[in-house]
Structure formats: C-alpha cells, structure tokens
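The questions below concern the model that follows. Each answer ends on the value or name asked for.

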Amino acid sequence: MATPCIPDPYAVIACYVLCRPLGDVSVGDIDAVRVKARGLRYADPPLLPKLLEQYPAILLSTAQKQMKMVQPSQAEEVEGLLQCIWRGDYDDALNPESGPYVHFKGETYLCFGKATLIQGPKEEPAVVYSHKNGDVFVRPLREWAEIVKWTDGKYRPRFMKEGSV
C-alpha cells in the first residue's frame with residue numbers, strides 16, 4: 001500500500017489558502033506562500049490563522065468561507081505542514097548530511113550523502129543510504145524529503161536525522 005505523501009508542502013498550503021486547485025496555482029503563488037510561511041518561523045502555533053492574516057482582505061474572506069466548507073482534517077493537514085516548515089524539518093531534509101536517519105515507519109538508516117541519479121537523459125538530486133542489514137538504496141531527494149504523517153500524527157519528512165524526532 002502506497003504511503004500518502006506531500007511532495008511540495010508549499011503547493012498544498014497555497015491551494016488551501018487561495019481556495020484553488022493545484023492546476024490553478026502559479027509558481028508565483030507558491031513562492032509567495034513559501035516566503036510568508038517561512039516568516040512564521042518565530043510565531044507560536046497554531047500557524048494557519050496567522051498565515052491567513054497575511055493575505056489581502058478579499059483572499060482572507062474567501063479563505064474564511066472555505067474554512068467553513070472544508071473538512072476539519074484539511075485544516076489540520078495544512079496546520080501540520082506549516083508546523084513542519086516552522087520547525088525547520090523540511091529544509092533540513094532537503095540538505096541531508098552523513099549519519100543516521102529515522103524513517104517514518106521507525107527503522108534507522110545510515111545516510112552517506114547526496115548523489116546525482118541519472119535515468120536516461122534525466123538527472124536529479126538523490127540520497128544514498130543503507131539499512132542495517134547492508135542493503136544500499138538511492139532515492140530521489142524529492143522523495144527523501146516528502147512530508148508524510150508519522151505514527152505519532154505529526155507531519156514530518158519521510159526521513160529525519162536521528163535525535164531530531
């Protein structure tokens with residue numbers, strides 16, 4: 001069974017805040033949310049109401065109307081993503097260092113560092129890591145850093161540096 005994951009938390013947050021489907025959210029919209037979400041780094045949770053306050057009144061009123069129509073789980077998911085960004089977990093996952101990492105399912109892996117994954121003409125950043133049984137893996141960085149819901153209910157990247165969980 002595939003694990004539901006969030007490859008770009010900023011895109012999900014932009015969709016929610018702007019009340020638009022992903023196809024209608026521009027790169028500029030996502031970048032604006034990225035700047036505003038990172039600006040919440042020193043705020044105390046809950047963060048979603050603070051993010052909504054940063055938008056013009058017309059967007060805010062639309063978002064407030066949407067908040068009444070959406071499932072509570074959607075607002076909880078967006079709040080979880082904001083807190084993951086707020087803690088710095090997502091940025092840390094995009095810059096893995098050598099050392100032990102914990103997978104969201106509980107296993108510990110040893111990260112060797114970044115590499116380049118070449119598949120035909122396509123190249124992308126990747127992470128090389130191994131399991132304690134000796135198996136070595138290469139995973140695209142975008143998958144390594146995907147945000148998933150951990151067993152404790154918090155949203156974090158798929159892999160977290162040991163000791164930071």
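Q: What is the order of the strands in the open sheet of 5 strands?
A: This is a predicted model, in which local features need pLDDT of at least 70 and side-chain atom pairs count only at pLDDT 80 or more, while totals for chains, interfaces and linings use all residues. Residues are numbered from 1 along each chain as its sequence is written, and side-chain values use heavy atoms, with hydrogens and water left out. Helices (H or I, at least four residues) and strands (E, at least two) are DSSP runs numbered from the N terminus, and two strands pair if DSSP finds at least two bridges between them. The pairing in the sheet is antiparallel, and the order is β4-β3-β2-β1-β7.

Q: Which strands are the edge strands of this sheet?
A: An edge strand here pairs on one side only. On average, neighbouring strands of the sheet are turned by 50° against each other, direction ignored; the axes behind such angles are lines fitted to C-alpha atoms, for helices over the stretch in contact, and angles run from 0 to 180 degrees between N-to-C directions. The edge strands are β4 (136-140) and β7.

Q: Over how many bridges do β1 and β7 pair?
A: V102 stands opposite M160 in β7. The sense of the pairing between β1 and strand β7 (residues 159-161) is antiparallel, and the number of bridges is 3.

Q: Which residue in β2 is the bridge partner of Y101?
A: β1 and strand β2 (residues 108-119) pair in the antiparallel sense over 4 bridges. P100 stands opposite L110 in β2. For Y101, the partner in β2 is Y109.

Q: Which residue in the hairpin of β1 and β2 takes a positive phi?
A: The hairpin has 4 residues between the strands. A positive phi near 110° is found there at G106.

Q: How many residues of β1 are buried?
A: Buried means under 20% relative accessible area, exposed over 50%, and partly exposed in between (1.4 Å probe, protein chains only). Strand β1 (residues 99-103) is mostly covered, and the count of buried residues is 4 of its 5.

Q: At what angle do the axes of α1 and α2 cross?
A: The axes of helix α1 (residues 9-18) and helix α2 (residues 27-38) come within 9 Å. That makes α1 roughly perpendicular to α2, a class that covers 65 to 115 degrees, whereas angles under 35 count as roughly parallel, over 145 as roughly antiparallel and the rest as oblique. The crossing angle is roughly 95°.

Q: How many charged residues are there in the contact of α1 with α2?
A: Contact means heavy atoms within 4.5 Å; by this criterion Y10, A11, I13, A14 and L18 in α1 meet D29, I30, V33, R34, A37 and R38 in α2. Ala, Val, Leu, Ile, Met, Phe, Trp, Tyr, Cys and Pro count as nonpolar, Asp, Glu, Lys and Arg as charged, and the others, Gly among them, as polar. The contact holds 8 nonpolar residues and no polar ones, and the charged residues number 3.

Q: Which residues of α1 are buried?
A: α1 is mostly covered, with 9 of its 10 residues buried. After α1 comes C19, whose phi is positive, near 60°. The buried residues of α1 are P9, Y10, A11, I13, A14, C15, Y16, V17 and L18.

Q: How far apart in space are D31 and A11, C-alpha to C-alpha?
A: D31 lies in helix α2 and counts as partly exposed at 36% relative accessibility. D31 and A11 are 20 residues apart in sequence, and their C-alpha distance is 8.8 Å.

Q: Is D89 buried or exposed?
A: D89 is in helix α6 (residues 89-93). Leaving aside neighbours within four places in sequence, D89 is in contact with C84, R156, P157 and M160. With a relative accessible area of 9%, D89 is buried.

Q: What distance separates the C-alpha atoms of D92 and M160?
A: D92 is also found in helix α6 and is exposed, with a relative accessible area of 53%. D92 and M160 are 68 residues apart along the chain, and their C-alpha atoms are separated by 8.3 Å.

Q: What percentage of the residues in the chain is buried?
A: The chain has 7 helices and 7 strands. Of its 165 residues, the buried share is 42%.
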